[in-house]
Amino acid sequence: MPQRFAQLAGACRRLHSEPSEAGLFQALVEETARLLGARRVLLVLQPDEAPAHVAAAKLPRKESAQALLRDVSPWLVEARATGSGRLRHGPKGAAAIHQRSCLVAPLVAPQGPLGCLYADIDGRHGRFDVAIVGER
């Protein structure tokens, strides 16, 4: 546990030192990828009822943030509506090594939902665990 706390504290220091909003968004995505071991990360902002847009992303080469946003949009809508993080694995019926393990977490402020953070990892590289999102 102390190692995880030190990693999180280091991430907070790095995020706090970002001088610009765009830099902060990209740093948040990079820290999420690093802490979770995620292959893909999207920071999707959607304040009020505005259309969702990708504020920052970390993706493998030749992958499109907009294409991934379209693919995971239903999960983002659900997370935003419920205010709860979700863990997904798919495609259904495939062996775990051939699935993508996906985490969707809403970003909520006192004034309401701001958007979502999406992260995933390919099955051959690992699998997210229920402990990450605290699902019951």
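Which residue stands opposite L43 in strand 5? That's L117, and the pair is a handy way into this predicted model. Residues are numbered from 1 along each chain as its sequence is written, and side-chain values use heavy atoms, with hydrogens and water left out. Because the model is predicted, local features need pLDDT of at least 70 and side-chain atom pairs count only at pLDDT 80 or more, while totals for chains, interfaces and linings use all residues.

**The sheet**

- Five strands make up an open sheet, in the order 2-1-5-4-3, with antiparallel pairing. Strands here are DSSP runs of E with at least two residues, helices are runs of H or I with at least four, and both are numbered from the N terminus; two strands pair if DSSP finds at least two bridges between them.
- Strand 2 (53-58) and strand 3 (86-90) sit at the edges with a single partner strand each, so one side of each has no neighbour in the sheet.
- On average, neighbouring strands are turned by 20° against each other, direction ignored. Axes are lines fitted to C-alpha atoms (for helices, over the stretch in contact), and angles run from 0 to 180 degrees between N-to-C directions.
- Strand 1 and strand 5 run antiparallel and are joined by six bridges; V44 has C116 as its bridge partner in strand 5.

**What's tucked inside**

- The largest nonpolar core has 14 residues, and V41, L43 and F128 have the most contacts inside it. Such a core is a set of buried Ala, Val, Leu, Ile, Met, Phe, Trp, Tyr and Cys residues joined through side-chain atoms within 4.5 Å.
- Helix 2 (21-36), strand 1 (40-45) and strand 5 (112-122) each give two or more residues to this core.
- A second, separate core has 13 residues, including L69, A79, V104 and Y118.
- Beyond its neighbours within four places in sequence, L43 is in contact (heavy atoms within 4.5 Å) with residues including F25, L28, V54 and L117.
- Nine of the 11 residues of strand 5 are buried, so the strand is largely enclosed by the rest of the structure. Buried means under 20% relative accessible area, exposed over 50%, and partly exposed in between (1.4 Å probe, protein chains only).
- Q99 lies in the loop between strand 3 and strand 4 and counts as buried at 9% relative accessibility. Leaving out residues up to four places away in sequence, Q99 touches H89, I121 and R127, among others.

**One cavity**

- There is one cavity of 30 Å³ or more. A cavity is a set of points on a 1 Å grid over the protein atoms alone where a 1.4 Å probe fits but cannot get out, and lining residues have an atom within 4 Å of a point. Grid points are joined across faces, edges and corners, and a volume is the space filled by probe spheres set on the points.
- The lining of the largest cavity consists of V44, Q46, L76, V77, R80, G115 and C116, with helix 3 giving the largest share, three residues.

Note on methods:
On a 1 Å grid over the protein atoms alone, a cavity is a set of points where a 1.4 Å probe fits but cannot get out, and a pocket is an open set with protein on both sides within 12 Å along at least five of seven lines; lining residues have an atom within 4 Å of a point.
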